[in-house]
Amino acid sequence: MTFTLSDNAYGTDSADAKNAMYNDLRPQLQGLLHGETDLIANTANFSSLVFNTMPGLNWAGFYFLKGDELVLGPFQGKPACIRIKKGRGVCGTTVVEGKAIVVPDVHAFPGHIACDVNSRSELVVPVRGPDGAIVGVFDLDSPLPNRFDQADADGIEALVKLLEATLA
């Protein structure tokens with residue numbers, strides 16, 4: 001299978017604009033993941049595709065669960081926190097709660113971990129292994145307050161499901 005990466009400019013001003021972006025991203029990601037099962041390769045391409053396609057981001061990447069902490073995986077953006085305890089910050093809380101978390105203002109999130117002081121909003125989605133257990137998270141940060149909403153959470157969750165299918 002071949003894949004084509006779009007050079008479309010996407011809007012984030014409405015749910016319809018966001019849905020159009022995610023509808024375009026899904027086949028691009030499917031092309032990147034097709035026939036590849038290596039976790040590092042797939043998560044590296046995943047984070048690059050999202051970071052270089054979605055407007056208003058300053059970080060996009062993965063953390064993987066190892067024991068009681070999340071350990072930094074492939075990402076795009078400035079250097080990041082390497083280890084995050086389960087239950088700490090937005091990423092660690094996502095692991096405990098087992099669901100996507102949208103944070104409109106990171107300064108209002110109790111215990112937020114500021115890896116990049118320029119981040120103002122965040123979206124974190126759990127990544128599950130073949131048995132349904134959380135194996136990590138996909139984390140998006142933005143320098144814009146209120147950058148993420150439920151349309152983003154739904155769109156990123158759909159992309160993460162494509163990645164999860166490669167984890168068998």
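Leu32 is buried, at a relative accessible area of 13% (buried means under 20%, exposed over 50% and partly exposed in between, with a 1.4 Å probe and protein chains only). The model here is a predicted one, so local features need pLDDT of at least 70 and side-chain atom pairs count only at pLDDT 80 or more, while totals for chains, interfaces and linings use all residues. Residues are numbered from 1 along each chain as its sequence is written, and side-chain values use heavy atoms, leaving out hydrogens and water.

Leu32 sits in helix α1 (helices are DSSP runs of H or I with at least four residues, strands are E runs with at least two, and numbering starts at the N terminus). Helix α1 (residues 15-33) packs on helix α2 (residues 39-53) at about 150°, the axes lying 10 Å apart; axes are lines fitted to C-alpha atoms over the stretch in contact, and angles between N-to-C directions run from 0 to 180 degrees. That makes the pair roughly antiparallel, a label for angles over 145 degrees. On the α1 side, Leu32 is one of the residues that meet α2, where Phe46 and Leu49 are among the partners (contact means heavy atoms within 4.5 Å).

Then there's the sheet. Strand β6 (residues 134-142) is mostly covered, with eight of its nine residues buried. Antiparallel neighbours are β1 (residues 59-66), joined to β6 by six bridges, and β5 (residues 121-128), joined by eight; strands pair if DSSP finds at least two bridges. Phe62 stands opposite Phe138 of β6, and Ser121 has Ser142 as its bridge partner. In the β5-β6 hairpin, with five residues between the strands, Gly132 takes a positive phi near 90°.

Definitions and conventions: Angles under 35 degrees count as roughly parallel, over 145 as roughly antiparallel, 65 to 115 as roughly perpendicular and the rest as oblique.
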